[in-house]
Amino acid sequence: MKYHSTRDLNKIKYESSFVIKQGLASDGGLFVPETIPTLSLDEISEYTSLSYPELAATILSKYLTDYSFEELLEDCKKAYSYEAFGEDACPIKCLNTNTYSLELWHGPTCAFKDMALQIMPRLLSRALIKTNEENDALILVATSGDTGKAALEGYKNIDRIKIAVFYPQDGVSAIQELQMATQDGNNVNVCAIKGNFDDIQSSVKNIFSNESFSNELNKLGYSLSSANSINFGRLAPQIVYYFKAYCDLLKQNKISLGESINVCVPTGNFGNILAAYFAKLMGLPINKLICASNSNNILTDFLNTGRYDRNRDFHLTISPSMDILISSNLERLLYFVAGSEKASEWMKSLKEVGFYEIDEKTKEEINKTFIGYCADECDTRNTIKNIYNNYSYLIDTHTAVGFSALHQYREATNDNTVSVVASTANPYKFAKDVYNSLFDLETLDDLSSLSALCKKTGEPIPEPLANLTNKKINFNSSATTEEMYEVIHNFIKK
Ligand SMILES: *Cc1c(COP(=O)(O)O)cnc(C)c1O
């Protein structure tokens, strides 16, 4: 299997290891596989007997053909180990006969990004060897909270990789700060920066494009790399859990082989829902993909009108991981439906004037599968309450956006197909807003809401969050944006 850029009309081909090392194509496009591997229903039914690491290695081996099956299986067994994910990496919970929650948050940081970030660093480490790369990789991350911790947990103690995370000193929650400050690992660094998230993100971008600094790093044996969610090495592992969900429904006799299901995904950068689309193209019986957005409902508008317009207000919401106005992975969908030429043209327009409008044929094709709904803050809070009151099931703010979208879809269409909602974070990860939604806006601070929510609902606090205050603080330094170069220097010389 070879890969090329979404924007390359000549379709120059690359190996998967190169694609994983490189991340973004040099023309600014995203890497895509040249074909989509397909599976028969019989093969899918055989997957029901596989463990999660076996299933993951099997699906990944169809895409990452310059990795051996043995290499992939070894990496998947380490990534999705009992220690990291417990008994079942992503169980489905039944709410009623046609509604299921796919819990993607059983990993070390209690959010779905672990599903990809536990395996992707291992693939990158091997990619350095496969591509004869002489330098080690230095990962720089600017984070507003959650991605930083998930990246730290994924990259810690991985061969030939170091990771430095920068977060805004007064811009993350107390829980998020503690999670990062107590990070362990022999190749990690965490530093608070005086400034807001945008300041830090632009400083990191400047560091990436500073040629004399990258020459300096080269001399020290390092090349800069990013942990960005547009890397195909993060997308591929996300395809796996949709097969797992279907197999679980089969095993529990909730559906019959070949029966179509709907999938609803709380969406930000369009990575998770695009992985579900890949699963559908591979032959998994999925009918509709319901794209759920919060008040930053640019995707809802796009799916309804065919116009993607980022010239709009940005809202800070209680589902912050979906507060996004540019859903980068959408480019891959546009490429698959309309081809390189049109995808490039629309991306150029987005960059230059902030919007694009797709043609009617492309829109029709997309709408055969995708439909969008959005939930505002009030819908989100009410959904947390309704799902808890009706099913005794506690969900986080992002997952609530998903359940609200599914509810709206069913009201509008009367389509009662068995549906799976991707549950993207453990409710305790956003305990304060979950608590306030359930118990009528009593405001509590971040840390005390953990125990308050536990007391009221009896749901156990997940281990990584429960023991936070007892863990050793390993990082407590702060710096200005100008001092970031020095911080990196000191880190790699250690
Ligand atoms: C990142 C994230 C999302 C959005 O996923 P995308 O792949 O960016 O669409 C949703 N929920 C949570 C909790 C997340 O961390």
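## Around the ligand

An oxygen atom of the ligand sits 2.9 Å from a polar backbone atom of asparagine 272, which makes a polar contact (a pair of N or O atoms within 3.5 Å; within protein, one must be able to donate a hydrogen and the other to accept it, and residues adjacent in sequence count only if both atoms are side-chain atoms). At asparagine 269, a polar backbone atom is 2.7 Å from an oxygen atom of the ligand. Serine 321 brings in a side chain instead, with a polar atom 3.5 Å from a ligand oxygen. Taken alone, the ligand exposes 380 Å², and the protein buries 95% of that; these areas come from the Shrake-Rupley method with a 1.4 Å probe, and for residues, only the protein chains shown count as cover.

Before going further, please keep in mind that this is a predicted model, in which local features need pLDDT of at least 70 and side-chain atom pairs count only at pLDDT 80 or more, while totals for chains, interfaces and linings use all residues. Residues are numbered from 1 along each chain as its sequence is written, and side-chain values use heavy atoms, with hydrogens and water left out.

## Who lines the shell

How many residues surround the ligand? There are 14, and the closest are Lys113, Gly268, Asn269, Asn272 and Thr424; a residue is included if one of its heavy atoms lies within 4 Å of the ligand. Sorted by class, the shell holds five nonpolar, eight polar and one charged residues. In this sorting Ala, Val, Leu, Ile, Met, Phe, Trp, Tyr, Cys and Pro are nonpolar, Asp, Glu, Lys and Arg are charged, and the others, Gly among them, are polar.

Serine 327 belongs to the loop between β11 (307-309) and α15 (330-338); helices (H or I, at least four residues) and strands (E, at least two) are DSSP runs, numbered from the N terminus. With a relative accessible area of 5%, serine 327 is buried, where buried means under 20%, exposed over 50%, and partly exposed in between (1.4 Å probe, protein chains only). Setting aside its neighbours within four places in sequence, serine 327 is in contact (heavy atoms within 4.5 Å) with Gly268, Asn269, Phe270, Leu299 and Tyr308.

## Salt bridges

Side chains of opposite charge can pair when their charged atoms come close. The cut-off here asks for a side-chain nitrogen of Lys or Arg within 4 Å of a carboxyl oxygen of Asp or Glu, and by this rule the count comes to 22 salt bridges. One of them joins lysine 429 to aspartate 146, with the closest N and O atoms 3.4 Å apart. This pair links distant parts of the chain, 283 residues apart: lysine 429 is in the loop between β14 (419-423) and α20 (431-438), and aspartate 146 is in helix α8 (residues 146-155). Are these two residues buried or exposed? Both lysine 429 and aspartate 146 are buried.

Lysine 156 pairs with aspartate 184, the closest N and O atoms being 3.2 Å apart. Here too the bridge links distant parts of the chain, from the loop between α8 and β6 (161-168) to the loop between α9 (174-181) and β7 (188-194), 28 residues apart. Lysine 156 is partly exposed because its relative accessibility is 23%, and aspartate 184 is likewise partly exposed, at 39%. In helix α17 (residues 360-369), lysine 368 and glutamate 365 are three residues apart, so about one helical turn separates them. Their side chains meet in a salt bridge at 3.0 Å, N to O. Lysine 368 is exposed at 53%, whereas glutamate 365 is partly exposed at 36%. Elsewhere, salt bridges that share partners join Glu71, Glu74, Asp75, Lys78, Arg126 and Lys130 into one network.

## Backbone and loop details

Cysteine 110 has a phi near 65°, a positive value in a residue other than glycine. Cysteine 110 lies in the loop between β4 (99-103) and α6 (113-117), and is buried at 1% relative accessibility. Arginine 160 also has a positive phi near 65°; its place is the loop between α8 and β6, and at 25% relative accessibility it is partly exposed.

Leucine 316 is in the loop between β11 and α15. Is leucine 316 buried or exposed? Leucine 316 counts as exposed because its relative accessibility is 74%.
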